[in-house]
Amino acid sequence: MSVVASRKFLDLAALSSLAHMRFATKHRIEGSYSGRHRSRRQGGAAEFVDYREYSAGEDLRRLDWKVLARTGRAYVRLYQDETNLLCTLAIDASGSMQFGAASNSDSTGSKLEYAQYLSTALSHVISRGQDQVGLAVLTDSLADFFPPGSTPTHVAQVQERIEGIQTTAARTMSRSLQQLFERQRARGVLMLMSDFLAEDVEDVFAALRLFRHGQSEVVVLHLIHPDEERLPTGSAWRFDGLEGEGHIDCSPAEIRAAYETGFRAHCELVRAMALAAGCDYRRVPVSVNYLETLGGFLVERAG
Amino acid sequence: MFTNPWAIGIAVAAAGLPVIIHLLTRPKPVRMRLSTLRFVKEAVAQRRSRNRLRDFLILLLRTLAVLLLGAAIARPLWQQSQAQPAEQSADVVRVVILDTSQSMAARVSGVEQLERGRGIAAGHLQWKSGLKVNLISAAANPRGVFASTATNFSAVREQLQSAEVRPEELDAQSAINMAAEMLAAESAEGVVRELVIVSDFQRSNWATVDFSALPADTKIALESVAPEDPAPNLGILHAGTTGRAEGGREVGIEIVVGNYSATPREVIVSVSAGDASIQVRGLAQPHARTTLTGIMPEAAPGWQTGEARLVGHEDSLSADDVRPWVMSVEASPTFVLLTREPEERKPSSSFLIQRALEALVAATARDSVRRIDVAKFDSESLATGDVMVIDHPGLLDETIVSQLVALSRRGRGILYVAAESVDATNLVRLLQASGGNLNLPVDFQPLSAGRFRRDASLGEIRAQRAPFPLFGDELPVLLSELKLAGGLDSREVPDQLQDDILARYADRSAFLVTSAGSGGGLVVLNADLGRSNLPASPIFVPLLDEIIRNYLLSSSRQSLEQPCGRPFVRSLATSVDAVAGLTVERRDVTSTTWTVSEADVLRQESSGVSWLCDAAPGPGLGRVRRGELVVAASASVIPDSESDLRSLSGDVFEERLAGQRKVTFRSTVTGGDSDSNDNAWSWLLVAGVLCLVGEVVVLKLFGT
């Protein structure tokens, strides 16, 4: 049985609405344990391996009716050609992720907080699907790495580490992804949550291509704050960069059109590069509730 | 040079004002953290070059607009020449004469000629090494800044800036003589002498000028500020009464208007004196003086002050459109008739004369005519008459002759009706006793033996002189009806003014003569009125009236007008015999307030009180009061010569007036283009407006 600790970003009551949903992967994966996902390894005779408690929403054809009739409890049969998911949640912890925060010391409302809520919810969903979840915190280098695991204790640690993420004035991300790739032993799913405002966006996707070449699935969640898309109104503003770039004084009215065009072009570039790298791309406005985002994401992946 | 240089300073300040306002009102930027400045920097960089260009253009156009508008208000004057530069190796002494007479107030193309001249003079008073200068402000009395040339340029320029038009006639020769003294005082070896004259070179002021007083090596530069075609001008040149003004009688006035233009002008002049005011109208012929006449209502005896003003008129010189004037309204004259004829004999000559004199005075003033029997001569009674009429007096003794002469010296007039031989003796005695004060153009003599004058008619008449113009075209008819008798023969006196023989008999002997001299006048009517039909003629009373008022009552009248800037001396009436209690006051023509004058002096002299002033201020009025009673008045007026704005051309100076000296003449206002020279301000204004329009266009082009 799983032990669920109390976590700031874990809202079980809100997540109960997603209790019937499971994280699915579109690709064959390589997992250590039997799970719900189709294995990359080709099995000839489907040798029975184990039982697993039935989860709502699973395919009823997998239900062992005899056990049900005999014990009154639902179990599914696991065969050797099914395995579990190794999911790594990679969270961008650069300074720009602090945008939207109430203050320097309070991340409430920031993109980082949103990523923390989303990744915590994902870890919960993944772990409920008997899959393994890990964590990577990305700054200039790999700030933190917790390999995938599925035990309740492991999941709790992941969630605890998510809660403790702090942003730094980092402007690059590619090196941390490379380090992550080097430390990842098995194929799985990499879920990258970032605003992709790093200076080395091309190198980031080059690093992601490494994961794709390694047969891992890469899901890119592009976090965008609505206040980033358009500049505020007014005649005189001093903008302070969150990644240690200093400040600039300008009149937003004079540069609004050019700014929005540039930002929009950047978002298009990120999407194009993600798709070109074979990644799944999803634009995530942080103005949308994370549960709604997560639900839509899971439904889409379930096909 | 700018007409209104103060506008330049304001424009410079105004040009900087938007910058100051921008700096003071710049909004404080609101701080905001942004995830990345990359896109902001890219956008700013993209707009920066565009915005810089736009902002530069806006600032340039706006600043230019302010400066151009300021320059337009400042009214630049172009073609301000500089003096020929002094030879680099020689010391130069330069005297600048600036004409500040009344005519320099004329406006050409909206610019006062003095302002134009000020700019030209400033160009000649710029500091240069080795240059010494002086400035003479020339009007009725030239005034130099210093007694000689000096290097104190700032003081000279300060005086130049404060120079003003004076309501005076230019005394050009005095100014040139003053400059000549200054230039001659510089005796250094090799010094270059220069005289610059900035003036409108009016004909009336410059036609007789003589440059010979200047050192022979003086370079003379004449800078004319007058246009080639003189500006048209209409001015009042004189205002006064047509004759004696008497209390209780309407007063004839005459206004002389000068039309200095090429077209006839309908003129209306409003004339006021005291509380009365009338308008006189007429057509002023071009390039001529026209006399308009009118009638002022009767006024009480005393001094009346007022002004004559052109109505509904504007021209280049407005100062001469109004002229102050005064008139002395005299009490009705008193007459003394000195005769031996018995009063009861009628109709005797004296009887007819007495009745005629009584017709000249008001019915209530018949005692103004007093008859004195020579046999019962009373000197006190004789002294009561303003006019002494002598008819058939017989032989006058020395006492009476002396009394008559003494009274004549004090301004009493004498009308001598010469009827009989003894009158010739009396006239000789009168002329001898006067000591040359009374002079007749003829010697009267008894008619030669056997010769009688009977039914004689008149021959030569000076119809343009009083008393005859009164009768107009009917004069010949009226005179042809006269039949005159008696009287004396006459012989012309050499070297005497024959114009004073106003009428002759057909035999060329004098009928009516007037005297030349000071004091009261003497008129001789050579006829025995008792045997002539003249007293029965309708012309007799008006003839007597004209004779008395034009020659016997007005001869002691002094000029009531004084030109501004000239010394002024006036002898007050004999009734004013002491200075004590007298006050002199003046008021400007534009003011209604009298103020005590410090410049006027009252002096007690043996013959009475004199009123003096070194330079009559004005234009305006002056008066002398004893308590509330005004005992004398005068009008300080602009000399009428200043109204004629015609100028001398350069060739007159260069060919005739300069003599052997080298004179250069330059007109700073070229004829037909003078308007364009002075319309620069309008082009500056247009350019300023275009800059403002350009600013709007730039904002639109840059999408702001």
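All 8 of the 8 residues of strand β7 (residues 192-199) of chain B are buried, so β7(B) is largely enclosed by the rest of the structure. Buried means under 20% relative accessible area, exposed over 50%, and partly exposed in between (1.4 Å probe, protein chains only). Strands (E, at least two residues) and helices (H or I, at least four) are DSSP runs, numbered from the N terminus.

This is a predicted model, where local features need pLDDT of at least 70, side-chain atom pairs count only at pLDDT 80 or more, and totals for chains, interfaces and linings use all residues. Residues are numbered from 1 along each chain as its sequence is written, chains are lettered from A and ligands numbered from 1 in the order in which they are written, and side-chain values use heavy atoms, with hydrogens and water left out.

**Around β7(B).** In a regular strand the side chains alternate between the two faces of the sheet. V192(B), E194(B), V196(B) and V198(B) point one way from β7(B). R193(B), L195(B), I197(B) and S199(B) point the other way, and all are buried. Strand β2 (residues 92-99) of chain B runs parallel to β7(B), joined by 7 bridges. Here V96(B) has V196(B) as its bridge partner. Strand β8 (residues 219-224) of chain B is also parallel to β7(B), with 6 bridges. I220(B) in β8(B) is the bridge partner of L195(B).

Two strands pair if DSSP finds at least two bridges between them. One open sheet of 3 strands has the order β28-β32-β31 (chain B), with antiparallel pairing. Its edge strands are β28 (568-571) and β31 (600-605) of chain B, each pairing on one side only. Neighbouring strands of this sheet are turned by 20 degrees against each other on average, direction ignored. Another open sheet of 3 strands has the order β9-β11-β14 (chain B), again antiparallel. β9 (233-241) and β14 (288-296) of chain B each have a single partner strand, so one side of each is left without a neighbour in the sheet.

| Antiparallel pair | Bridges | Opposite residues |
|---|---|---|
| β28(B) and β32(B) (residues 608-613) | 4 bridges | V569(B) and L612(B) |
| β11(B) (residues 251-260) and β14(B) | 9 bridges | V256(B) and T291(B) |

**On helix α15.** V689(B) lies in helix α15 (residues 680-701) of chain B. At 43% relative accessibility, V689(B) counts as partly exposed.

Key:
Axes fitted to C-alpha atoms, helices over the stretch in contact; angles between N-to-C directions.
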